[in-house]
Amino acid sequence: MRYQIQGETLPVVICELEDGEKMITEGGAMSWMSPNMKMETTSNGGLGKAFGRAFSGEKMFQNIYTAQGGPGMIAFASSFPGSIRAFEIAPGQDMIFQKKAFLAAETGVELSVHFRKKVASGLFGGEGFIMQKISGQGIVFAEFDGHVIEYELQAGQQIVVDTGHLAAMTASCNMDIQSVPGVKNMLFGGEGFFNTVITGPGKVWLQTMPISNVAGAIRPYIPSGS
């Protein structure tokens, strides 16, 4: 499989497949393709994994596209202004993505829900807690909101991230949800009640424009229904 990521504000990844090669994606992610691409809808691992994907922000069922009778082409476009990034997944090199980041992948890649400790606080911590774990073998494409800034953390090095700005990290990093100290800071600081603390070693990708922030910014300008 060969691919090109084109466009800046609203990018698209165009994948060139050899005869018999497959791509997997969630329903509705395909943008255009050659006519010899065959689609098959699957739970991809049974209902247990399907429910896990739904809990992590994806759809329960996925689509597998196969090039038949010769080389094929399929494209997956972003649904929000931002970035598409490609990651090479291999055993022992798992990735953790924000909710709904998964766009498409080779069929050797597996998607599941990712939990960390402090479940109770995480459920109130917003986008940053319930995430996606990407494992298996192959290339995966992820869709992030806005521009993406990459940091490499050394062992024990930390970065504090506002909820929703964590786009991805290597599974070697540790993620924790911590409440903002002080009642006054929580109520009047305007930064929410929780922060995500990432501890190295590993790489972290941060996004500049979480869609949840954009929705909050435009909500006051949307007329309420009668």
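F87, F97, F144 and W205 form one aromatic cluster, where rings of Phe, Tyr and Trp (its six-membered ring) count as a pair if their centres lie within 6.5 Å, with planes under 30 degrees apart called stacked, those over 60 edge-to-face and the rest tilted. The model is a predicted one, in which local features need pLDDT of at least 70 and side-chain atom pairs count only at pLDDT 80 or more, whereas totals for chains, interfaces and linings use all residues. Residues are numbered from 1 along each chain as its sequence is written, and side-chain values use heavy atoms, with hydrogens and water left out.

**Aromatic pairs**

- The structure holds five aromatic pairs, among them the edge-to-face pair of F87 and F144, with 6.3 Å from centre to centre and 65° between the planes.
- Because F87 lies in strand β8 and F144 in strand β13 (residues 138-145), this pair ties together parts that are 57 residues apart in sequence; strands (E, at least two residues) and helices (H or I, at least four) are DSSP runs numbered from the N terminus.

**Salt bridges**

- Three salt bridges are present in the structure, each defined as a side-chain nitrogen of Lys or Arg within 4 Å of a carboxyl oxygen of Asp or Glu.
- R2 and E18 meet through their side chains in a salt bridge with an N to O distance of 3.3 Å, and the two residues, 16 apart, belong to distant parts of the chain, with R2 in strand β1 (residues 2-6) and E18 in the loop between β2 (12-17) and β3 (22-26).
- In this pair R2 counts as exposed because its relative accessibility is 52%, while E18, at 41%, counts as partly exposed.
- K133 is partly exposed, its relative accessible area being 30%.
- K203 and E150 form a salt bridge in which the closest N and O atoms are 3.6 Å apart, and this pair joins two strands, β19 (residues 202-207) with K203 and β14 (residues 148-153) with E150, at a separation of 53 residues.
- K203 counts as partly exposed at 31% relative accessibility, and E150 is partly exposed with a relative accessible area of 41%.

**Nonpolar surface patch**

- I218, Y221 and I222 make a nonpolar surface patch of about 370 Å², where patches consist of residues with over 30% relative accessible area and no salt bridge, like charges being joined within 9 Å and nonpolar side chains (Val, Leu, Ile, Met, Phe, Trp, Tyr) within 5 Å.
- Accessible areas come from the Shrake-Rupley method with a 1.4 Å probe, and for residues only the protein chains shown count as cover.
- I222 is found in the segment after α4 (211-218), and with a relative accessible area of 51% I222 is exposed.

Methods
Buried < 20%, exposed > 50% of the residue type's maximum accessible area, 1.4 Å probe, protein only.
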